Amino acid sequence: MLQCLILELEMVFSWLNLLAKFGFSNITGIDYSPSAIQLSGNIIEKEGLSNIKLKVEDFLNPSAKLSGFHICIDKGTFDAISLNPDNAIEKRKQYVKSLSRVLKVKGFFLITSCNWTKEELLNEFSEGFELFEELWTPRFSFGGRSGNSVAALVFQKT
């Protein structure tokens with residue numbers, strides 16, 4: 001088994017299942033919704049994956065036990081928080097603080113966003129994180145301009 005403490009945020013459809021099948025252990029998935037955790041638990045049980053822990057957690061106010069992760073994966077949570085009409089700027093700042101708290105120094109943060117560009121994400125995560133790698137995403141062209149509809153980045157905690 002590959003020993004790596006991995007956290008996935010808001011994870012009904014999950015990378016965790018794939019990582020578990022590839023031999024990773026110490027995998028934790030969180031969601032603030034108990035019903036999402038129950039659905040994920042049913043899927044994990046059906047697939048026989050015993051090395052995934054599921055927890056009901058609000059990532060903006062994580063418990064003290066949620067810490068020490070080597071990798072954190074986000075495929076939409078930051079986007080959803082950013083769209084919240086109630087003080088989105090403050091909630092984005094709290095997200096970055098929570099992320100910094102749960103990740104180990106030199107830990108990796110993988111984010112996939114359809115609402116933010118690479119440059120905007122670099123700005124949002126400029127304090128305490130540095131870009132490690134930009135992951136390939138499909139490009140499109142329209143009206144003589146090219147771009148991506150999705151940004152996928154790997155940051156490392158400094």
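Reader: In which helix does Trp 15 lie?

Author: This is a predicted model. Trp 15 belongs to helix α1, which covers residues 15-21.

Reader: Is Trp 15 buried, exposed or partly exposed?

Author: The class follows from relative accessible area: buried means under 20%, exposed over 50%, and partly exposed in between. Trp 15 has 45% relative accessibility, so it counts as partly exposed. Together with Leu 18 and Phe 22, Trp 15 makes a nonpolar surface patch of about 350 Å².

Reader: Helix α1 also contains Lys 21. With which residue does Lys 21 form a salt bridge?

Author: The partner of Lys 21 is Glu 47, and their closest N and O atoms are 3.0 Å apart. Lys 21 is exposed, at 55% relative accessibility, whereas Glu 47 is partly exposed, at 35%.

Reader: How many salt bridges does a search of the whole structure find?

Author: The search finds three. One of them joins Glu 124 to Arg 92, with a closest N and O distance of 3.2 Å. Because Glu 124 lies in helix α5 (residues 118-124) and Arg 92 in helix α4, this pair ties together parts that are 32 residues apart in sequence. Arg 92 is buried, with a relative accessible area of 14%. Another salt bridge is formed by Lys 118 and Glu 134, whose closest N and O atoms are also 3.2 Å apart. Here helix α5, through Lys 118, is linked to strand β6, through Glu 134, across 16 residues. Lys 118 is partly exposed at 24% relative accessibility, and Glu 134 is partly exposed at 43%.

Reader: Let us turn to aromatic residues. How many aromatic pairs does the structure hold?

Author: There are twelve aromatic pairs. One of them is Phe 108 with Phe 132: the centres are 4.9 Å apart and the planes stand at 70 degrees, an edge-to-face arrangement. This pair links strand β5 (residues 103-113), which holds Phe 108, with strand β6 (residues 129-134), which holds Phe 132, over 24 residues. Phe 108 is partly exposed at 24% relative accessible area, and Phe 132 is partly exposed at 47%.

Reader: Why is the pair of Phe 109 and Phe 129 called tilted?

Author: Planes under 30 degrees apart count as stacked, over 60 as edge-to-face, and the rest as tilted. The planes of Phe 109 and Phe 129 meet at 55 degrees, with ring centres 6.4 Å apart, so this pair is tilted. Phe 109 is in strand β5 and Phe 129 in strand β6, 20 residues apart in sequence. Phe 109 is buried, at 0% relative accessible area, and Phe 129 is buried, at 5%. Both belong to one aromatic cluster, which also includes Tyr 95 and Phe 125.

Reader: Which residues have the most contacts inside the largest nonpolar core?

Author: That core has 24 residues, and those with the most contacts inside it are Leu 7, Tyr 95, Leu 99, Phe 109, Leu 121 and Phe 125. Among the elements that each supply at least two residues are β1 (2-9), α3 (77-82) and β9 (151-157). Helix α4 gives the most, with four residues. Beyond its neighbours within four places in sequence, Tyr 95 touches residues including Leu 9, Phe 59, Asp 74, Phe 109 and Phe 125. Another core, of ten residues, lies apart from the largest one, and Ala 20, Ile 44, Leu 49 and Ile 52 are among its members.

Key: Residues are numbered from 1 along each chain as its sequence is written. This is a predicted model: local features need pLDDT of at least 70, side-chain atom pairs count only at pLDDT 80 or more; totals for chains, interfaces and linings use all residues. Side-chain values use heavy atoms; hydrogens and water are left out. Patches are made of residues with over 30% relative accessible area and no salt bridge: like charges are joined within 9 Å, nonpolar side chains (Val, Leu, Ile, Met, Phe, Trp, Tyr) within 5 Å. Accessible areas come from the Shrake-Rupley method with a 1.4 Å probe; for residues, only the protein chains shown count as cover. A salt bridge is a side-chain nitrogen of Lys or Arg within 4 Å of a carboxyl oxygen of Asp or Glu. Buried means under 20% relative accessible area, exposed over 50%, partly exposed in between (1.4 Å probe, protein chains only). Rings of Phe, Tyr and Trp (its six-membered ring) pair if their centres lie within 6.5 Å; planes under 30 degrees apart count as stacked, over 60 as edge-to-face and the rest as tilted. A nonpolar core is a set of buried Ala, Val, Leu, Ile, Met, Phe, Trp, Tyr and Cys residues joined through side-chain atoms within 4.5 Å. Contact means heavy atoms within 4.5 Å.
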